[in-house]
Amino acid sequence: MTLPSTPAQTSSAFATEPWKPVLLRAVIALVFGAVTIFWTAPSVHVLAWAVGLYLLATAAAVWRTRALPAAVSVVVAIGGLGAVVMQSDAGTALSAMLALLVLGLLELVHGLRKRDSLARDWLISGVIGVGTALILPFFVSLGAHALLGTAGGGAILTGVLWVLSALTLRHDLRTGRPVGMPPAAPSGSPEAVN
């Protein structure tokens, strides 16, 4: 896929197919979640690189959706860089906690403010992000495997949520229905419906 050269082109490209950046975010989260499941004995370096790359990729995906302020993507990317640079259990946990907390809180705010088709999904994703951020510090003493599993669990939940959202958006666009609107009621008398 060729990336648009201007923000205006980006907005119009995603306005016609808004499910693509949502699906991208889902795939990133699910790939990270799979890494956390199948890596049985991660070192602190694996933890730092996996979490750092996950946060950087998530920042790029969030930026592409254009739903949240660009500053959110910057904070998440800084959290990813912090995880890679720290190379310690506590440093990676702190970086991930701050990044996920900011992302989750702003997703909650976005979900409460907007009444678009993804409002509930933003709320759920925000709760998952904040929840993951708040429990990460409790697993620092258990080491890299516990931290990776905790972050991966939140990523899997988020990934499944965003896959369902992307597929719903895509279906709504294909049926010609306004995105996020329920199906039209069948024609006929009200008694035929009940």
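This is a predicted model: local features need pLDDT of at least 70, side-chain atom pairs count only at pLDDT 80 or more; totals for chains, interfaces and linings use all residues.

Student: What share of the residues is buried?

Tutor: A residue is called buried when its relative accessible area is under 20%. Of the 194 residues in the protein, 41% are buried. As for the surface, the protein exposes about 10,300 Å², and carbon and sulfur atoms supply 71% of that area.

Student: Which residues account for the contacts in the protein with a separation of 6 or more?

Tutor: Among these contacts, 72% come from residues 24 or more positions apart.

Student: How is a pair of aromatic rings described?

Tutor: One gives the distance of the centres and the angle of the planes. This structure holds two aromatic pairs. In one of them, F32 and Y54 are stacked, with 4.2 Å from centre to centre and 10° between the planes. This pair links distant parts of the chain, since F32 belongs to helix 2 (residues 19-38) and Y54 to helix 3 (residues 44-65), 22 residues apart.

Student: Why does F32 count as buried?

Tutor: F32 counts as buried because its relative accessibility is 5%. Y54 is buried as well, with a relative accessible area of 11%.

Student: Why is the pair of W122 and W162 edge-to-face?

Tutor: Planes over 60 degrees apart count as edge-to-face. The planes of W122 and W162 stand at 65°, with the ring centres 5.0 Å apart, so the pair is edge-to-face. This pair also links distant parts of the chain: W122 is in helix 6 (residues 119-135) and W162 in helix 7 (residues 144-175), 40 residues apart. Both W122 and W162 are buried.

Student: Which side chains lie over the face of a ring?

Tutor: Two cases may be cited here. R66 lies over the face of W63, at 3.9 Å from the ring centre. R170 lies over the face of W19, at 5.1 Å from the ring centre.

Student: Which residues form a salt bridge?

Tutor: For such a pair, one looks at the distance between a side-chain nitrogen and a carboxyl oxygen. A search of the whole structure finds one salt bridge. It joins R25 to E107, whose closest N and O atoms are 2.6 Å apart. R25 lies in helix 2 and E107 in helix 5 (residues 89-113), so the pair ties together parts that are 82 residues apart in sequence.

Student: Are R25 and E107 buried or exposed?

Tutor: Both R25 and E107 are buried.

Student: What does T58 touch?

Tutor: Leaving aside residues up to four places away in sequence, T58 touches R25, I28 and L103. T58 itself lies in helix 3, and it counts as buried because its relative accessibility is 4%.

Student: Which residues make the nonpolar surface patch?

Tutor: V27, V31, V35 and W39 make a nonpolar surface patch of about 330 Å². Among them, V27 lies in helix 2.

How values were computed
Residues are numbered from 1 along each chain as its sequence is written. Side-chain values use heavy atoms; hydrogens and water are left out. Rings of Phe, Tyr and Trp (its six-membered ring) pair if their centres lie within 6.5 Å; planes under 30 degrees apart count as stacked, over 60 as edge-to-face and the rest as tilted. Helices (H or I, at least four residues) and strands (E, at least two) are DSSP runs, numbered from the N terminus. Buried means under 20% relative accessible area, exposed over 50%, partly exposed in between (1.4 Å probe, protein chains only). A charge sits over a ring if NZ of Lys or CZ of Arg is within 6 Å of the ring centre and within 35 degrees of the ring normal. Patches are made of residues with over 30% relative accessible area and no salt bridge: like charges are joined within 9 Å, nonpolar side chains (Val, Leu, Ile, Met, Phe, Trp, Tyr) within 5 Å. Accessible areas come from the Shrake-Rupley method with a 1.4 Å probe; for residues, only the protein chains shown count as cover. A salt bridge is a side-chain nitrogen of Lys or Arg within 4 Å of a carboxyl oxygen of Asp or Glu. Contact means heavy atoms within 4.5 Å.
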